[in-house]
Amino acid sequence: MSKDRHPRTQAIHAGTRRSQYGEVSEAIFMTQGFVYDSAEQAEARFEEIGPDEFIYARYGNPTVAMFEERIATLEGAEDAFATASGMAAVSGALISMLKAGDHVVSARALFGSCIYVLEEILGRYGVEVTFVDGSDLDAWEAAIREDTRAVFFESVANPTLEVIDIEAVAKLAHAKGALVVVDNVFATPVFSRAIAQGADVVVYSATKHIDGQGRALGGVVLGSRDFIRGTLEPYMKHTGGSMSPFTAWVMLKGLETIDLRVRAQAASAQALAEALEGHAALSRVIYPGLPGHPQSALAARQMGAGGTVLSLDLNGGKAAAFAFLNAIKVGVISNNLGDAKTILTHPATTTHQRLPQETKDLLGITPGLIRVSVGLEHVSDLEADLLQALSAADQG
Ligand SMILES: *Cc1c(COP(=O)(O)O)cnc(C)c1O
């Protein structure tokens with residue numbers, strides 16, 4: 001399919017493979033394996049797997065291949081590999097490219113499981129990791145060394161929503177020959193230009209906006225054909241983190257509507273941030289689309305939008321945050337994000353509960369902080385809900 005079509009068009013058509021029945025909606029090839037016409041054909045396929053040939057679902061599957069091609073086209077990446085979860089994507093990308101003795105520089109503000117992979121697992125296998133404040137370019141420059149093999153960061157950090165300058169960090173990393181691995185979940189594929197901005201490898205938890213309806217776990221790694229097929233695929237296919245065909249179908253259907261969903265969610269997030277900014281019960285409204293956000297100009301340049309998530313800091317600390325959550329009527333208390341349903345999270349006691357207090361302090365994960373993943377409900381219902389819950393929290 002022509003590469004110059006709008007991403008919204010690519011998200012609907014790219015990668016489609018039709019069977020002999022000419023089905024409109026993508027077929028779910030719910031098969032672990034594939035039959036060969038002859039022993040000779042089996043032998044040939046094990047020698048070399050052709051472009052639209054498959055031998056075993058851990059190595060590849062037609063429904064999964066449709067998803068991989070569709071998202072690669074959307075992102076402007078040469079290739080993609082779909083994984084069983086976002087963490088299979090993050091761990092696979094890092095472990096497949098690193099070996100004992102390598103050095104990695106990572107932003108400190110990360111999804112909890114990413115910290116475990118970097119600190120615990122990579123450390124155990126002799127990879128040295130230096131953590132930096134991701135928004136401090138001088139810190140990146142000081143930490144990246146001649147033996148640095150990779151840098152890793154979330155382009156928008158969870159839950160405090162600092163935006164990291166992909167282009168600037170990539171320039172520093174590339175000057176030392178290091179690969180740039182970006183966890184781009186909060187930017188979403190709709191607002192991402194990470195490959196064009198210098199990322200070598202982009203990873204997504206497809207569980208978030210790509211599914212967008214809270215149904216399935218999934219992930220994807222995007223990059224050059226050399227990296228995806230030469231480095232990542234051998235690791236993934238032999239260690240078993242591949243995506244199921246059913247999940248790939250859910251994610252294909254998710255991509256068809258992602259542009260509409262994410263733009264609507266981001267517009268609501270922007271409106272809610274503007275409506276809540278300055279509210280007497282809040283010490284901070286954090287949203288990259290607000291002019292007062294420290295990286296608002298960067299967010300506009302890098303993503304063209306503020307994203308679908310905002311964070312609120314309640315003056316009354318944990319008691320106020322809990323009273324607020326318990327008073328919410330439209331949104332739900334949970335810990336996913338990017339869903340059609342608005343989801344509210346108290347990071348300090350859930351997603352980031354296990355972080356030592358000093359790390360929470362360093363990252364700005366205060367007792368009053370609430371993360372709001374804005375869904376697809378009507379924005380006026382969401383605004384009314386947040387405002388009534390804030391007054392309930394104030395009175396409680
Ligand atoms: C959710 C998430 C992950 C992990 O994805 P799973 O699909 O839950 O494995 C990794 N990074 C970020 C930024 C996330 O939000």
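P159 is located in the loop that runs between strand 4 (148-154) and helix 7 (166-175); helices (H or I, at least four residues) and strands (E, at least two) are DSSP runs, numbered from the N terminus. The model is a predicted one, in which local features need pLDDT of at least 70 and side-chain atom pairs count only at pLDDT 80 or more, while totals for chains, interfaces and linings use all residues. Residues are numbered from 1 along each chain as its sequence is written, and side-chain values use heavy atoms, with hydrogens and water left out.

The peptide bond from N158 to P159 is cis, with omega near 0°. L161 lies in the loop between strand 4 and helix 7, and its phi is near 60°, a positive value in a residue other than glycine. Most residues other than glycine have a negative phi, and most peptide bonds are trans.

Helix 10 (residues 245-276) bends by about 55° at T257, the bend being the angle between axes fitted to the seven residues ending at a residue and the seven starting there. At the start of helix 10, a side-chain oxygen of S244 comes within 3.1 Å of the backbone nitrogen of F246. Just after helix 10, G278 has a positive phi of about 85°.

Around the ligand there are 13 residues, of which G86, D183, S205, T207 and K208 come nearest; a residue is counted as near if one of its heavy atoms lies within 4 Å of the molecule. The shell consists of five nonpolar, five polar and three charged residues, where Ala, Val, Leu, Ile, Met, Phe, Trp, Tyr, Cys and Pro count as nonpolar, Asp, Glu, Lys and Arg as charged, and the others, Gly among them, as polar. An oxygen atom of the ligand is 2.6 Å from an N or O atom in the side chain of T207. The corresponding distance is 2.7 Å for the side chain of K208 and 2.8 Å for that of S205. The protein covers 92% of the 380 Å² of accessible area that the ligand has on its own (Shrake-Rupley method, 1.4 Å probe).

The largest pocket is lined by 30 residues, with R17, P51, E68, D79 and R229 nearest its centre. A pocket is an open set of points on a 1 Å grid over the protein atoms alone, where a 1.4 Å probe fits, with protein on both sides within 12 Å along at least five of seven lines; lining residues have an atom within 4 Å of a point. The lining divides into eleven nonpolar, six polar and 13 charged residues. Helix 3 (62-75) and helix 9 (225-239) each supply at least two lining residues, and the largest share, five residues, comes from helix 3.

Note on methods: A polar contact is a pair of N or O atoms within 3.5 Å; within protein, one must be able to donate a hydrogen and the other to accept it, and residues adjacent in sequence count only if both atoms are side-chain atoms.
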